[in-house]
Amino acid sequence: MDELARFAMRTNACGTVTKNNLGDEVILTGWVHTRRDHGGLVFLDLRDRSGIVQVVVDPTQHAAFETAHTIRSEYVLYITGRVKERPAGTINPNLPTGEVEVEAYNIKILNKSKTPPFEIDGTSVDEVLRLKYRYLDLRRADMQHNLMTRHKVVTRVRDYLNNNGFIEIETPMLTKSTPEGARDFLVPSRLQPHHFYALPQSPQLFKQVLMVAGFERYYQLARAFRDEDLRADRQLEHTQIDMEMSFMTEEGILELVEGMVRDVFEIADVKIPTPIQRMTYDEAIHRYGCDKPDLRYGMEIEDISDIVEKADFKVFANTVKNGGAVRGIAAPGCGTFSRSRIDELTEFAASNGAKGLAWIALEPEGNVRSPIAKFFREDQIEAIIKRLKANPGDLLLFVADKPVKASSILGSLRIKLADQIGLIQPDVFNFLWLVDFPLFGWDEDENRLDPNHHPFTMPRVEDIPLLDTEPLKVRSYAYDLIINGTEVGGGSLRIYDQGLQEKIFELIGLNVEEAREKFGFLLEAFEYGAPPHGGLAFGLDRLVAILLQKKTIREVIAFPKTQTGSCLMSGAPDTVTEQQLRELHIKLS
RNA sequence: GGGGGCGUAGUGUAGCGGUUUAACAUUCCGGCCUGUCACGCCGGCGAUCGCGGGUUCGAAUCCCGUCGCUCCCGCCA
């Protein structure tokens with residue numbers, strides 16, 4: 001019933017005291033949320049994890065009454081009293097316990113508290129202070145709710161996976177540095193001078209070995225470490241719901257995972273449509289200019305190359321002539337934007353790599369305002385408006401560049417504008433599987449093919465012939481789950497054919513020895529009967545943040561780090577002693 | 001590595017070149033109060049305006065630097 005009271009020094013948890021307890025003598029423990037001292041009568045709101053209950057202290061209880069006057073916020077109390085109905089007219093409908101109160105006979109102060117640096121009950125507090133005194137910040141109702149929701153998500157996930165034949169297996173935190181991917185966190189080995197472990201960027205290789213080992217369905221709530229710059233949705237360490245399955249098709253994996261996502265969102269009473277909408281990578285890039293489109297609003301990108309290729313506007317015409325594209329979006333209701341407001345957009349586009357940003361403002365009355373309109377015939381402008389499905393009052397924005405680049409710049413503008421003009425309905429959730437990712441990208445710096453997901457990703461069967469001819473056109477069995485424009489999870493089917501795997505290594509410029517050096521143990525394992533397998537990993541922090549509609553994952557992590565990687569509470573990172581360094585055979589420069 | 005924002009009593013904000021002894025709310029401290037629940041009323045303490053330098057007759061206010069936090073680009077297979 002009241003699990004916080006079971007085995008405990010109290011008889012009830014504060015938030016669970018109701019009319020059912022009328023007349024009961026109870027022992028409560030908790031923190032003083034607020035004190036209302038009326039001189040002749042003292043009210044204490046006592047708070048524990050379960051909630052708040054009002055304690056009333058009457059002068060007839062001399063000792064308790066004396067104590068009550070000395071009590072301050074956040075003191076820890078042990079209260080003995082009786083549950084009473086509140087007098088008529090004093091019921092507090094805002095409190096689950098608002099119909100009753102506890103008349104205290106005895107108050108024992110278990111611990112005092114310094115005056116907190118901010119009010120636990122208060123609203124916005126500077127994040128520096130919140131992080132420094134995180135234990136106080138975490139007492140706030142909002143943070144308690146966030147972490148409890150996180151716990152519920154984890155519980156749902158475990159239940160779902162356990163019921164579907166998965167077993168949870170831990171993989172090492174001290175492992176081998178693999179040069180692909182993000183920057184590794186390194187841990188020096190004391191026993192083996194000049195050798196280092198790396199903290200895992202993900203359990204990728206180990207979970208595939210577990211498939212070879214015959215576990216068939218594995219999961220782990222795994223911490224993953226990446227030494228890259230932090231963002232609102234990126235910490236140095238994050239938690240993955242990591243999964244791998246054998247003898248599954250892509251379709252099977254997506255369906256299985258949809259069930260898990262459905263269960264998770266039930267926590268927030270969000271019904272998700274299944275099957276979850278699918279979209280190919282190519283379509284997303286063309287229509288939304290990114291591989292994680294937010295489909296809660298429109299503003300789709302349209303190609304107008306064919307309309308403008310013969311127009312007098314040289315920038316557009318030449319771009320098309322040289323194999324580029326001219327594309328645009330229609331920003332609803334932005335036709336009245338001032339010149340300076342549009343200049344800001346141009347600057348933003350430039351910071352995303354645009355050479356320029358052309359625009360046509362359709363004023364609400366029907367006038368066209370634009371520095372480039374004079375280069376077009378009326379019928380061309382009409383055609384553009386029609387292509388972009390624009391309405392009076394819209395602002396049309398155009399980028400001329402290489403096709404994909406034009407789309408990606410417009411994609412960034414689309415997101416920025418949607419945010420600026422409030423197009424995003426915050427309590428709507430949009431789920432999307434993005435599928436058919438290209439197997440490779442092109443690494444401009446090193447002038448070679450680069451695996452888009454990772455080197456074990458399986459190319460789509462029908463595209464395998466293209467490996468030799470047009471490898472950049474090869475699609476893969478790789479998929480991402482996108483919620484509201486955030487990549488929440490991603491994975492792939494893996495290669496289990498040695499010949500194919502060697503070919504992929506070759507294509508990305510790894511010879512057999514190099515591949516052995518980097519992934520040897522996995523490749524060796526594959527020689528002993530690797531089953532077809534595949535999997536994915538979810539970012540738990542992002543998932544919970546989206547569920548709770550939080551802007552940053554710091555709100556759903558108990559002890560997060562700042563953008564410079566500091567823990568303001570513990571003071572990490574910090575210097576270490578000479579002695580520690582000596583044992584690790586490390587000399588600082 | 002680059003671009004933007006913020007930094008003023010414990011907390012949240014206002015003030016943005018001069019009658020400002022830096023304001024308001026809240027917290028905190030003291031007093032009064034037997035039905036409050038953001039308790040109320042009265043009184044009080046509390047800030048050299050992140051730090052350093054510059055411009056100026058005069059700087060919280062303008063400029064430069066620096067530190068911290070934050071958002072974004074790069075980066076994050």
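**Surface near RNA strand B**

I looked up which element gives the largest share of the surface near RNA strand B, and it is α2, with 3 residues. The model is predicted, so I read every value below as computed from it. I then noted the elements that each supply at least two residues of this surface: β1 (25-37), β2 (42-48), α2 (127-132) and β19 (448-451).

How many residues surround RNA strand B? I found 49, and the closest are Thr-90, Glu-101, Asn-452, His-453 and Gln-563. Of the atoms of RNA strand B that come within 4 Å of the protein, sugar and phosphate account for 50%. I sorted the residues of the surface by kind and got 12 nonpolar, 21 polar and 16 charged.

Arg-72 has an N or O atom in its side chain 2.8 Å from a phosphate oxygen of RNA strand B. For Arg-226, a side-chain N or O atom is 3.2 Å from a phosphate oxygen of RNA strand B. Thr-90 is on the list of closest residues, and I wanted to know which part of the RNA it meets. A polar backbone atom of Thr-90 is 2.3 Å from a base nitrogen of RNA strand B.

**The barrel**

Next I followed β1 and β2 into their sheet. In what order do the strands of the barrel run? I wrote down β1-β2-β3-β5-β4, 5 strands that close into a barrel with mixed pairing. On average, neighbouring strands of this sheet are turned by 55° against each other, direction ignored.

Strand β3 (residues 51-57) and strand β5 (residues 100-111) run parallel and are joined by 2 bridges. In this region Val-55 stands opposite Val-102 in β5.

**The open sheet**

I turned to an open sheet of 5 strands, with the order β12-β13-β16-β14-β15 and antiparallel pairing.

The partner I looked at for β12 is strand β13 (residues 325-331), and the two pair in the antiparallel sense over 2 bridges. Glu-302 stands opposite Gly-328 in β13. Helix α11 (residues 378-387) packs on this sheet, where it touches β12, β14 (358-362) and β16 (395-401). The direction of α11 makes about 100° with that of β16.

**Aromatic rings**

I counted the aromatic pairs and noted 14 in the structure. A pair of this kind is described by the distance of the ring centres and the angle of the planes. I took Phe-206 and Phe-521 as my example: the ring centres are 5.5 Å apart and the planes stand at 40°, so the pair is tilted. Phe-206 lies in helix α5 (residues 204-212) and Phe-521 in helix α15 (residues 512-526), so this pair ties together parts 315 residues apart in sequence.

**Backbone entries**

Most residues other than glycine have a negative phi, and most peptide bonds are trans.

- The peptide bond from Thr-274 to Pro-275 is cis, with omega near -5°. I placed Pro-275 in the loop between α6 (250-266) and β11 (278-280).
- Ala-572 and Pro-573 are joined by a cis peptide bond, with omega about -5°. Pro-573 is in the loop between α16 (540-547) and α17 (578-583).
- Glu-216 is not a glycine, yet its phi is positive, about 70°. I found Glu-216 in the loop between α5 and β9 (217-225).

Key
Residues numbered from 1 in each chain as written. Chains lettered and ligands numbered in written order. Predicted model: local features only at pLDDT ≥ 70, side-chain atom pairs only at ≥ 80, totals over all residues. Heavy atoms only, no water. Pairing = 2+ DSSP bridges. Helix = DSSP H or I, 4+ residues; strand = E, 2+ residues; numbered from the N terminus. Contact = heavy atoms within 4.5 Å. Axes fitted to C-alpha atoms, helices over the stretch in contact; angles between N-to-C directions. Near = heavy atom within 4 Å. Polar contact = N/O pair within 3.5 Å; in protein donor to acceptor, adjacent residues only side chain to side chain. Nonpolar A, V, L, I, M, F, W, Y, C, P; charged D, E, K, R; others polar. Phe/Tyr/Trp six-rings, centres within 6.5 Å; stacked < 30°, edge-to-face > 60°.
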